[in-house]
Amino acid sequence: MLQALRTLFKKPPVIVGIVTALMFQVIFSVIWMTAYSGVNDRTKELTVAIVNEDGEMSKGIADSLAGTLPFHTVSNLSAAEALDQLDHHKVHMVLDIPAGFNELLQTAGSTAEIKYTINEANPVTIKSMMQGVSQSVTNTINKQATAQGVQTVLTASGAPADQAAEAATNLTTRVEGTTTSINPVNGMNNQMVPMMMVLASYVGAMIMGMNLQTAMGMLSSTYSRLTLFGARVVINVGSALVVSLLGSSLIVALGGQIEQGFVAFWLFQALFLCTFMFFSQFFLICFGPAGSLFNIISLSLQLVSSGAMVPRELLNSFYSGIGQYLPATYAVQGILSVQLGGPGVQSAAGSIVIVLLVAVALSLVVTLLKKQRMPAGAPSPAQAANN
């Protein structure tokens, strides 16, 4: 056994395998720990739209919310404009104070209502965060509005001000919150589809790329570089269409949401899967087997910066900035739109196409610049000169 171990440790694949396992630990630990550090301190990067349809009567409440919410707030939008921006992911929740809100507070026995609207076609973190905030806001406003409204009624009825204030603190709820959702998600399994698809697609593209690169190396002395590159293109495009067809079909069969139709879902997955293939193979074409290290780094960077788990707005400037140049960011945006509904899939597809074209162009340039092995049986330049 010891002899076998010594022999194995002399084999490069064994050393490469161990180093790869070590690098996975190092790279993922460093990237994930630094990317998610301070996430809870950046809630100001999320935006809540406060719509006051009650005018001057509830201006004080709206201003108080704008000053106390731990988010960036906008208050100059109409209800329709706020909902449109929510659908386009420009705001993360709409808080609506309806007309007649303050009047209901002044009416004995009545209950005023605050409306919250969230877009579930977002990372699950946003949904849970905004739901928690809506409950907190309702409780805060309820305490203030109950005491103020009831004290006003009691005072108007002739009760002394101090007795009215004491009675007001002991009365029941006067404000209720109603939360509605656009692009609702049917279950946690559907919420995790973007993360799963990005992870499965990129890891699959990485492994396919390594095997394809090995096969290309075996044939490099038989076929020209352009011939092999053309074959690479055909294999990548064909594989992306077939693999994504299987993946999309399984998601539908297992209860997945497909709001914009199966064909759109399948073709979008094929697009970003093909992009992942060329993107990951570029590193292998440039650096050979060492390109796998760059793919490990790329995988980790894309998982944390794509917005599949944590909103990109909560990341620091480095990771949110680098995510703009990585295809997984736009893959997640497009998946959320085509799967759950809402606009944005065309823009995401356009960005992915740009990344795809750049990856193909750079791969072709590197392929043409690399020195080609002589075909088997071909004369060397010296032999050709002597002849």
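Analyst: Helix 14 (327-340) and helix 15 (345-369) each supply at least two residues of the lining of the largest pocket. Helices here are DSSP runs of H or I with at least four residues, strands are runs of E with at least two, and both are numbered from the N terminus. Helix 14 gives the largest share of that lining, five residues.

This is a predicted model, where local features need pLDDT of at least 70, side-chain atom pairs count only at pLDDT 80 or more, and totals for chains, interfaces and linings use all residues. Residues are numbered from 1 along each chain as its sequence is written, and side-chain values use heavy atoms, with hydrogens and water left out.

The pocket holds about 440 Å³ of space. That volume is the space filled by probe spheres set on grid points, which are joined across faces, edges and corners. A pocket is an open set of points, on a 1 Å grid over the protein atoms alone, where a 1.4 Å probe fits, with protein on both sides within 12 Å along at least five of seven lines; lining residues have an atom within 4 Å of a point.

The lining counts 21 residues. Closest to the centre are His-88, His-89, Asn-122, Glu-313 and Gln-333. By class, the lining has eight nonpolar, 11 polar and two charged residues. Nonpolar means Ala, Val, Leu, Ile, Met, Phe, Trp, Tyr, Cys and Pro; charged means Asp, Glu, Lys and Arg; the others, Gly among them, are polar.

Domain 1 (1-36 + 191-369) and domain 2 (43-170) each give at least three lining residues. These bounds come from an automatic or database domain assignment.

Now the sheet. Five strands form an open sheet, in the order 2-1-3-4-5, with mixed pairing; strands pair if DSSP finds at least two bridges between them.
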